[in-house]
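Please examine the sequence and the structure shown below.

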Amino acid sequence: MSRPFILITNDDGFDAPGLHALTEAISSLGRILVAAPDREQSGMSHALTLERPLRAHQVSPDRFRIDGTPTDCVHLAVDRLCDRLPDLVLSGINRGLNVGDDITYSGTVAGALEGALLHIPAMAISTATGGDGSIDYVQAADYALQLAQRILSDGLPGGGLLNLNVPREPAQGVRVTRQGSRDYRATAIERKDPTGRPYYWIDTIDMTPKGEPDGDHLALADGYVSVTPLHPNLTHETSLAPLRGWFDDSGEN
Ligand code: MN
């Protein structure tokens with residue numbers, strides 16, 4: 001393979017330390033192009049900006065700050081900023097885990113998802129914060145490097161993308177997991193502004209994971225790195241047959 005060309009984005013923004021830790025760790029693998037949001041875009045999921053133009057500010061060769069979402073960054077970079085198709089798209093390293101239901105909100109995962117939709121192998125990388133909010137990107141960067149090397153040499157089986165989550169403490173090893181789930185509930189805090197009108201703030205309290213035996217939550221709770229293969233197609237396979245039954249009056253299908 002010629003020298004690999006790797007596109008990196010994130011959702012914590014261009015100045016986030018996790019982005020720089022990832023870029024530094026990966027730089028030995030080949031040429032890196034960074035296209036990252038100019039500000040925090042966490043929780044933006046797979047949003048694509050359609051109602052206004054996007055601007056890409058070139059900070060230095062192959063380094064771009066973009067006034068858009070992670071999805072905008074990958075989309076724009078692949079079509080306009082890259083002089084050839086990247087061999088790999090990486091998104092992260094996110095400040096905080098992206099496991100279970102959080103994956104659906106994650107701008108970090110969406111950045112990798114956009115790569116997968118564009119038929120480029122992709123991986124999202126997130127790392128846990130300590131109980132005191134402290135964070136260390138070194139271990140996550142090291143696992144990202146190992147996996148990136150493997151993806152570049154072997155590709156990803158069946159397309160799709162990887163969701164890599166790394167614990168705060170030194171890991172016990174790696175587990176290949178499924179996306180887990182939690183007993184989800186809506187949590188919006190209500191307060192009053194100085195004029196007495198209510199305002200709301202979406203809370204992100206930790207909710208109890210269901211703890212599926214091969215789920216991502218449990219792997220991390222046990223001190224392991226979690227690697228989950230994801231795919232962009234949202235079809236719920238097991239619902240196809242019963243749903244077809246709703247419309248299947250004739251006995252044909
Ligand atoms: Mn984030």
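In helix 4, the residues Gln139, Ala140, Ala141, Tyr143, Ala144, Leu145, Leu147, Ala148, Ile151 and Leu152 are buried; buried means under 20% relative accessible area, exposed over 50%, and partly exposed in between, with a 1.4 Å probe and protein chains only. Helices (H or I, at least four residues) and strands (E, at least two) are DSSP runs, numbered from the N terminus. The model is predicted: local features need pLDDT of at least 70 and side-chain atom pairs count only at pLDDT 80 or more, whereas totals for chains, interfaces and linings use all residues. Residues are numbered from 1 along each chain as its sequence is written, and side-chain values use heavy atoms, with hydrogens and water left out.

Helix 4 covers residues 138-154, and its 17 residues should span 24 Å at 1.5 Å a residue, the expected span being 1.5 Å times one less than the number of residues. The end C-alpha atoms are 24 Å apart, in agreement with this value. Gly155, which follows helix 4, has a positive phi, near 75 degrees.

A nonpolar core is a set of buried Ala, Val, Leu, Ile, Met, Phe, Trp, Tyr and Cys residues joined through side-chain atoms within 4.5 Å. The largest such core has 32 residues, and those with the most contacts inside it are Ile6, Ile8, Ile26, Leu90, Met123, Ile125 and Leu164. Helix 4 provides the largest share of this core, 9 residues. Ile8 is in contact (heavy atoms within 4.5 Å) with residues beyond its neighbours within four places in sequence, including Leu19, Ile26, Val34, Leu90 and Gly92.

Strand 5 is largely enclosed by the rest of the structure, because 7 of its 8 residues are buried. Two strands pair if DSSP finds at least two bridges between them. Strand 5 pairs with strand 1 in the parallel sense over 4 bridges, and Leu88 in strand 5 is the bridge partner of Ile6. Strand 5 also runs parallel to strand 6, to which 5 bridges join it. Here Asn94 stands opposite Ser126 of strand 6.

The protein donors of the manganese ion are Asp11 (OD), Asp12 (OD), Ser42 (OG) and Asn94 (OD1), at 2.1 to 2.3 Å from the ion. Donors are N, O and S atoms within 2.8 Å of the metal (3.2 Å for Na, K and Ca); water is not among the atoms, so sites may look incomplete. Along the chain, the donors follow the spacing D-D-x29-S-x51-N. Asp12, in the loop between strand 1 (5-9) and helix 1 (17-26), and Ser42, in the loop between strand 2 (31-37) and strand 3 (56-60), link distant parts of the chain, 30 residues apart. Asp12 is buried, with a relative accessible area of 14%, whereas Ser42 is partly exposed at 34% relative accessibility.

Most residues other than glycine have a negative phi, and most peptide bonds are trans. The peptide bond from Gly92 to Ile93 is cis, with omega near -5 degrees, and Ile93 lies in strand 5. His119, in the loop between helix 3 (107-117) and strand 6, has a positive phi near 65 degrees and is exposed at 73% relative accessibility.
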